[in-house]
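Hello,

Here is the structure for you to look over. My notes follow below it.

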Amino acid sequence: MKNPLSNLQVILLSLLSEEAMTGYDLNKQTAAYGWSASHQQIYRELNLMESKGYVTFELVPQEGKPDKKVYTVSDCGRDLLSLVAEATSPSVPKWQDEAGAMVFSKHANFFFAYITQLSDEMIRLDQVRDSMLPEARLLLNRRRQHLQADIDWCNQVIEKFTPMSQTA
């Protein structure tokens with residue numbers, strides 16, 4: 001089954017299955033899990049899911065501020081999330097990216113620069129690791145493993161396309 005929900009919708013429905021939250025709270029929670037989503041993306045997805053009946057909201061009055069919307073997942077949303085979690089066929093990521101295309105150039109310079117960027121990202125992830133929720137560290141570990149695999153692969157490419165005189 002192809003997943004009818006976006007990745008962000010899966011995350012939002014999952015979080016709302018645990019407790020009712022505002023869009024602001026959802027934004028903080030997704031960030032705590034290391035998932036990057038803007039306020040605009042979150043509110044757009046909430047509005048779309050509300051129009052489809054996956055979530056509902058209650059307006060909570062606030063003094064001197066606009067009423068806030070507190071979202072909950074509906075029975076329909078909960079059922080769809082369960083169905084998606086059980087029946088969605090995982091897809092293998094495509095590898096036709098910029099780095100793959102650059103192999104055809106047979107020039108190592110791109111891959112030296114790419115390794116620097118990948119290493120910088122690993123350092124950044126290490127710096128935020130301790131501030132993340134334990135469950136979010138699973139996502140961080142997956143990202144680090146992918147980055148390390150790309151670094152290892154870049155080193156193979158460099159070895160293949162760098163003349164022996166340049167590597168000595």
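Glycine 23 is found in helix H2, which covers residues 23–32. Helices here are DSSP runs of H or I with at least four residues, strands are runs of E with at least two, and both are numbered from the N terminus. Glycine 23 is buried, because its relative accessible area is 2%. The classes are: buried under 20% relative accessible area, exposed over 50%, partly exposed in between, with a 1.4 Å probe and protein chains only. Leaving aside neighbours within four places in sequence, glycine 23 is in contact with Ile42, Tyr43, Leu46, Lys69 and Tyr71. Contact means heavy atoms within 4.5 Å. Glutamate 45 is 22 residues from glycine 23 along the chain, and their C-alpha atoms are separated by 10.0 Å.

Some ground rules before the rest. This is a predicted model, in which local features need pLDDT of at least 70 and side-chain atom pairs count only at pLDDT 80 or more, while totals for chains, interfaces and linings use all residues. Residues are numbered from 1 along each chain as its sequence is written, and side-chain values use heavy atoms, with hydrogens and water left out.

Now the overall fold. The protein has eight helices and two strands. Along the sequence they follow the pattern α-α-α-β-β-α-α-α-α-α. The protein is more spread out than a compact globule, because its radius of gyration is 21 Å, well over the 15 Å that the globule rule gives for 168 residues. That radius is taken over C-alpha atoms, and the rule is 2.2 Å times the number of residues to the power 0.38. The C-alpha trace spans about 70 × 40 × 25 Å along its principal axes. Of the 168 residues, 27% count as buried. Among contacts with a separation of 6 or more, 57% come from residues 24 or more positions apart.

Next, surface and charge. The accessible surface comes to about 11500 Å², and 53% of it belongs to carbon and sulfur atoms. Areas come from the Shrake-Rupley method with a 1.4 Å probe; for residues, only the protein chains shown count as cover. There are 17 positive and 21 negative side chains, and the centres of the two sets lie 5 Å apart. Lys and Arg count as positive, Asp and Glu as negative; His and the chain ends are not counted. Each charge is placed at NZ of Lys, CZ of Arg, CG of Asp or CD of Glu.

Then the cysteines. A disulfide is a pair of cysteine sulfur atoms within 2.5 Å, and the count by this rule comes to zero. Cysteine 154 is buried, because its relative accessible area is 0%. Cysteine 76 counts as partly exposed, at 40% relative accessibility.

Alanine 85 lies in helix H4, residues 75–87. It counts as exposed because its relative accessibility is 65%. Alanine 85 and asparagine 3 are 82 residues apart in sequence, yet 8.8 Å apart in space, C-alpha to C-alpha.

Two loop residues remain. Serine 89 sits in the loop between H4 and helix H5 (98–103). Serine 89 counts as partly exposed, at 47% relative accessibility. Serine 89 and lysine 68 are 21 residues apart along the chain, and their C-alpha atoms are separated by 37 Å. Lysine 106 is in the loop between H5 and helix H6 (109–128). Lysine 106 is exposed, with a relative accessible area of 55%. Although it is not a glycine, lysine 106 has a positive phi of about 60 degrees.

Best wishes
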